[in-house]
Amino acid sequence: MKTFEEKWTAWLDDQLSGHELSEFEASLPDKAAAETEKAEARKLRELLKRELSAQPLTNEEFFSHQLREKITQKSRELPRAVAGQTATSRWWTIPRLLWAGSASLAVFLVFTVAVIHEKNPAEESQYLTQILNARVDPIVSPNATVAIFEVKQDRVTVLWTEGLQSLPADYAAK
Amino acid sequence: MQTEATLAQSDVSELDLVKRCQAGDTEAFDKLVTRYRTRVFGMIYNMVHSEQDAWDLAQDSFLKAWKSIGRFRGQSSFYTWIYRIVMNVTIDWLRKKQVKGGGSEFDDAIQLTEIDPASKTVPRTEALPHETMERDEIRARIEKAIAQLSPEQRAVILMKEIEDMQYHEIAEALGCSIGTVMSRLFYARKKLQNLLRDVYENV
């Protein structure tokens, strides 16, 4: 469905015909005013054509010469740019990519194993020792300390105390 | 006026030139440039109203055409295809200039009074006949009126009224629908009629 603007433009340019033309002209509220505007549009067209179409290009040959120079310059730059791109892309061949990928994976695995070992050093050790330092009752033995050494594999626990005046009956290491 | 036979002949040779360009023949492209340079320059000049800018934009347009000629498939005429490049380059330039100039460029760029009286490009008024002066004034009025249109309206009015292009050719050159072309023509004509009524009524 054409808008009014489209129909009006087509009518001014004599592009409407047959049923479309008669329908459009019948829809005009003031045909005389529309015809006046059509005549004005023609005058405008003639004015524009007369005044604007004769803008010459001076130095036509120089224009072409300058363009040829630019094209030659661009053509010289293009192979250099393409060569640069090829040189860069040639380094990353498929075997090199595979090699780089494998090497990266190996380095990753080595680091992963090393980190796991660092986190659980006791499991690698034959003797797991847990040392607890705790003070016993400060009123009875103000400078006393107690340490516990435990070897899980041998199911042995050594209780090491120092500076005790006496060992309370209800003593328990904290 | 070209007959259908000569038109067909020129179309064939034009297609041949395009094919040679696609194979890298710069001489063939030079021939196409020679064929269209004046029309392209004139079209751009009427949109930008500056000889130097029109020259540069025409150079840019042809350079872009050379770079992308490999993509021309011959579905439209070379003439429509080059006009599409010309319009893209020119409308982009006008938009950038409008943004930089805060939007006032379209209305006030053409100020004859701003020309340096000592400039060599100023016409020697004492040597010019009265008719030429009058014509210069008319031309300045037209340019000033066109400067008040949007870049797209300028493009459609110039392609339709000066170049006598068909709606579908303009639509192809601007990459829009035929309806949009007709609508832009409607508003461009209305505006120019308002601005230039006294000119075309009294000439």
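The secondary structure of chain A comes to six helices and two strands, where helices (H or I, at least four residues) and strands (E, at least two) are DSSP runs numbered from the N terminus. This is a predicted model, in which local features need pLDDT of at least 70 and side-chain atom pairs count only at pLDDT 80 or more, while totals for chains, interfaces and linings use all residues. Residues are numbered from 1 along each chain as its sequence is written, and chains are lettered from A and ligands numbered from 1 in the order in which they are written.

**Layout of chain A**

- Read from the N terminus on, the elements of chain A follow the order α-α-α-α-α-α-β-β.
- Of the 174 residues in chain A, 9% are buried, a residue being buried if 20 or more other C-beta atoms, placed from the backbone, lie within 10 Å of its own.

**Confidence in chain A**

- The average pLDDT of chain A is 78, and 71% of the residues score at least 70; pLDDT is the predictor's confidence in each residue, from 0 to 100.
- Within chain A, confidence is highest in α1(A), at 93, and lowest in helix α6 (residues 121-124) of chain A, at a mean of 48.
- Over residues 123-132 of chain A, pLDDT stays under 50.
- Where pLDDT is low, the predicted coordinates should not be read in detail.

**The side of chain A that touches chain B**

- In this model, 27 residues of chain A are in contact with 31 residues of chain B, two residues being in contact if their C-beta atoms, placed from the backbone, lie within 7 Å.
- At least two residues of this side are supplied by each of α1 (4-12), α3 (31-52) and α4 (60-91) of chain A, and the largest share, ten residues, comes from α3(A).
- Sorted by class, the side of chain A that touches chain B has eleven nonpolar, six polar and ten charged residues; Ala, Val, Leu, Ile, Met, Phe, Trp, Tyr, Cys and Pro count as nonpolar, Asp, Glu, Lys and Arg as charged, and the others, Gly among them, as polar.

**Where α3(A) meets α6(B)**

- α3(A) packs with helix α6 (residues 130-147) of chain B at an angle of about 115 degrees, their axes being 10 Å apart; axes are lines fitted to C-alpha atoms, for helices over the stretch in contact, and angles run from 0 to 180 degrees between N-to-C directions.
- α3(A) is therefore roughly perpendicular to α6(B), a term that covers angles of 65 to 115 degrees.
- Leu48(A), Glu51(A) and Leu52(A) in α3(A) meet Ile138(B), Arg139(B) and Ile142(B) in α6(B), and this contact has four nonpolar, no polar and two charged residues.

Key
A residue is buried if 20 or more other C-beta atoms lie within 10 Å of its own, exposed if 12 or fewer, and partly exposed in between; C-beta atoms are placed from the backbone. Angles under 35 degrees count as roughly parallel, over 145 as roughly antiparallel, 65 to 115 as roughly perpendicular and the rest as oblique.
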